[in-house]
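Colleague: I'm new to reading models like this one. Could you walk me through it, feature by feature?

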Amino acid sequence: MKINVLHLSDIHFEKNTDAVLLRATEIAASNYFRAREAELTLITVTGDIAYSGSQEEYKVAETFLTIIREALIAETGKPVYLLMVPGNHDCDRAGW
């Protein structure tokens, strides 16, 4: 089985004005060739998804990753799964 892996790391989402949000469709498009050849795509996001672990930051991350995932599905018609591994910035320490 051929699996395509799109690996993203240490994005540190903070606000819905983060510049990387404008790159979601380009990131997906850069992966189309390999995604077409594979049976499925695995998007991995490792370490520091958010900047300070707040709920708002994860909403920004969700929007970004949904754009990429849906673009890959639309392009290939194949399953796209998401695997996220938190980092030290993903802890909400506001109440500590």
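This is a predicted model: local features need pLDDT of at least 70, side-chain atom pairs count only at pLDDT 80 or more; totals for chains, interfaces and linings use all residues.

Colleague: Is Cys91 buried, partly exposed or exposed?

Modeller: Go by relative accessible area: buried means under 20%, exposed over 50%, and partly exposed in between, with a 1.4 Å probe and protein chains only. Cys91 has 36%, so it counts as partly exposed.

Colleague: On to the sheet. In what order do the strands come, and how do they pair?

Modeller: Strands (E, at least two residues) and helices (H or I, at least four) are DSSP runs, numbered from the N terminus. Two strands pair if DSSP finds at least two bridges between them. Here three strands form an open sheet in the order β1-β2-β3, with parallel pairing. The edge strands are β1 (3-9) and β3 (80-85), each pairing on one side only. Neighbouring strands are turned by 20 degrees against each other on average, direction ignored; axes are lines fitted to C-alpha atoms, for helices over the stretch in contact, and angles run from 0 to 180 degrees between N-to-C directions.

Colleague: How many bridges join β2 to β3?

Modeller: Six bridges join β2 (residues 40-46) to β3. Leu42 stands opposite Tyr81, and Val45 has Met84 as its bridge partner.

Colleague: Where does helix α3 lie?

Modeller: α3 (residues 55-76) lies across β1, β2 and β3, running at about 165 degrees to β2. Together, β2, α3 and β3 make a right-handed β-α-β unit: with the strands pointing away from you, the path from the first strand over the helix to the second runs clockwise. α3 has 22 residues and reaches 31 Å from its first C-alpha to its last, close to the expected 32 Å, which is 1.5 Å times one less than the number of residues.

Colleague: Which residues of α3 are buried?

Modeller: The general idea: an α-helix has 3.6 residues a turn, so residues three or four places apart point the same way. In α3, the buried residues are Glu57, Val60, Ala61, Phe64, Leu65, Ile68, Ala71, Leu72 and Thr76. They cover an arc of only 125 degrees around the axis, so they sit on the same side of α3; the arc is that of the directions from the helix axis to the C-beta atoms. The buried residues pack against β1, α1, α2, β2 and β3. The face turned away carries the exposed residues Gln55, Glu56, Glu62, Glu70 and Ala74.

Colleague: What does Thr76 touch, beyond residues up to four places away in sequence?

Modeller: Thr76 touches Ala35 and Arg36. Thr76 is buried, with a relative accessible area of 17%.

Colleague: And which residues is Asn31 in contact with, leaving aside neighbours within four places in sequence?

Modeller: Asn31 is in contact with Asn4, Leu6, Thr41 and Leu72. Asn31 is found in the loop between α1 (24-29) and α2 (32-37), and at 9% relative accessibility it counts as buried.

Colleague: Last one: what is the phi of Asp10, and of Asp48?

Modeller: Most residues other than glycine have a negative phi. Asp10 has a positive phi of about 50 degrees although it is not a glycine, and Asp48 has a positive phi near 50 degrees. Asp10 lies in the loop between β1 and α1 and is partly exposed at 41%. Asp48 is in the loop between β2 and α3 and counts as buried at 7%. Just after α3, Gly77 takes a positive phi of about 70 degrees.

Technical notes: Residues are numbered from 1 along each chain as its sequence is written. Side-chain values use heavy atoms; hydrogens and water are left out. Contact means heavy atoms within 4.5 Å.
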